[in-house]
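Me: I am new to this structure. Please show it, and then let us go through some questions about it.

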Amino acid sequence: MLTADASPSYLRRTLLLVGGLLIFRLGYAALFAVNPAGDEAYYWDWSRQLDYGYYSKPPGIAWLYAFVDRVCGGGIFAVRATAAVLGTGSLLLLFRLGSDLFDPRTGWYAVLLGAAAPANAVLSFFLTIDAPLVICWSAALWAFWRFVAGTGGRGALVLLFLTLSVGHLFKQMMMVFPVIAVLFLAAASETRPLLRRASLWFVLVGSYLSLVPPLLWNARHDWITFRHTGHHFESKNGGGNVLLERLEDFLSFLGTQLGVLSPGTAFVVFSLCLVGLPLLGKASRPHRYLLFFGALPLATMLLLALRQGLQPNWAAVYYLSGIVLAAGWYSGSVPSSFPPVPWRRLFPLTLALGILLAGYFYAAPPLFAAFGKAGHTADPDRRLLGHDRVAAAFENIRRQTDAESCFLVALGHRDLASHLAFALPDRPRVYRWEASGRIVSQYEMWNDPLEDGLAGRDGLVLVPEGKLPPRFARAFEETVPVGEFTVAFGHDRSRSFTVYRGRGLKTWPEGKR
């Protein structure tokens, strides 16, 4: 057991490691930040039309981007720096949680495992909904434990209320936290009396009030977010053998999780969670806490993976408890029949493998670029390349044809419209036309050019790899091609684009339903 004199040592180590890691990540972002990812450009475009709800997500991410845009100028470094602060900051909360549950040594081990996880490297680089969600969930885990342990006072409940309320606005996954909290308290006689506290119910139930604005927004928009989210839980059959497809989905999910946590950490986390499931009602209170917030939802995820494909990041928040659980096992604070106790000596190997994979995420892009192989299939940055070149080539045509006064339209995937808006010098509004006639992104929720009073105006239309659809061309008096270009998105991947000028907008076609 750790002595009191050793506690400051682990805190100093944690602060030095987290501080050094943050400085490295900020420096890396300053040197190697290129284009935003598709989702980043998409959410940035949301922030220019602030609302209480959006097509696929609550409004928190748009509000965060608006804040970053106004305070830091909205450049790519500001986006990367915000992700670095949120993702790296979550490691400090892992230390606090591990220290309060067991001891500072366990907290230190949790920081090491978390920092070595490739997921934390990705989380600290891309500013998507996961970075703010993870730090909100981490803070809520710590605050709720302080309430359960009786060490946090009213401050713990205030922090819990704030982190839950804010977390709900970033991702629907946060709504699960209060449910797990109630299940944990109800499962054992020693914690059941806490359910009689009105202040707890005020916090857990009251946190859902932050969802009232997006609920009202959805009520006015045919519950579009609910319908979009519901599609994620549909079991799809590709037309082949159903059993083989489900097995493929299950193995695919397991395989991606090895990359998310690193193979060694993932093995220990899943082993401890599965072996610990029968202990949900009889393990020590700290052990049970981690099992309820880690093992129980992860087991549910595994069952869900048997019926459908899952996104690699869906289980992200549950790994926070899993990492602390693994840290507790490595430090000797968490007993388990499996893995065997002698395997604790493999902790350095587990860390080394994780650091190797996380290091690859940072080192590979500049190395591929140095050898002329940027955008290779093994390059982590391959999806970030080329979008600035598309915008530069489009801007060149825009100026050559005196089309600065034209409104802009992008066909194809929503990412093209988002990237174009982000990378063009004047950051204009870029409209998108969906050929299917369905609502498949936020762009179909916003006004089209006709609704914005642009009837009779000329439009400049960017079309990826193909001719202008006749249905769309008939929206103008006439359409003429004014340029074309090809952009390399890597050393062996390129795309062609054609730019059309539409003269005199007459209508906005609905697309082919």
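**Aromatic pairs and strands**

Reply: Searching the whole structure, which is a predicted model, gives 43 aromatic pairs.

Me: What is the angle between the planes in the aromatic pair of phenylalanine 267 and phenylalanine 338?

Reply: The ring centres of phenylalanine 267 and phenylalanine 338 are 6.0 Å apart. Planes over 60 degrees apart count as edge-to-face. This pair is edge-to-face, and the angle between its planes is 75 degrees.

Me: How many residues apart are phenylalanine 267 and phenylalanine 338?

Reply: Phenylalanine 267 belongs to helix α14, residues 263–276. Phenylalanine 338 is in the loop between α16 and α17. The pair thus links distant parts of the chain, and the separation is 71 residues.

Me: Is aspartate 130 buried or exposed?

Reply: Aspartate 130 lies in helix α7, residues 130–149. Leaving out residues up to four places away in sequence, aspartate 130 touches Leu123, Lys171 and Asn313. Buried means a relative accessible area under 20%. Aspartate 130 has 11%, so this residue is buried.

Me: Which residue in β5 stands opposite glutamate 478?

Reply: Strand β4 (residues 476–490) pairs with β5 in the antiparallel sense over 12 bridges. The two strands, β4 and β5, form a hairpin with 2 residues between them. In β5, the residue opposite glutamate 478 is arginine 503.

Definitions and conventions:
Residues numbered from 1 in each chain as written. Predicted model: local features only at pLDDT ≥ 70, side-chain atom pairs only at ≥ 80, totals over all residues. Heavy atoms only, no water. Pairing = 2+ DSSP bridges. Helix = DSSP H or I, 4+ residues; strand = E, 2+ residues; numbered from the N terminus. Buried < 20%, exposed > 50% of the residue type's maximum accessible area, 1.4 Å probe, protein only. Contact = heavy atoms within 4.5 Å. Phe/Tyr/Trp six-rings, centres within 6.5 Å; stacked < 30°, edge-to-face > 60°.
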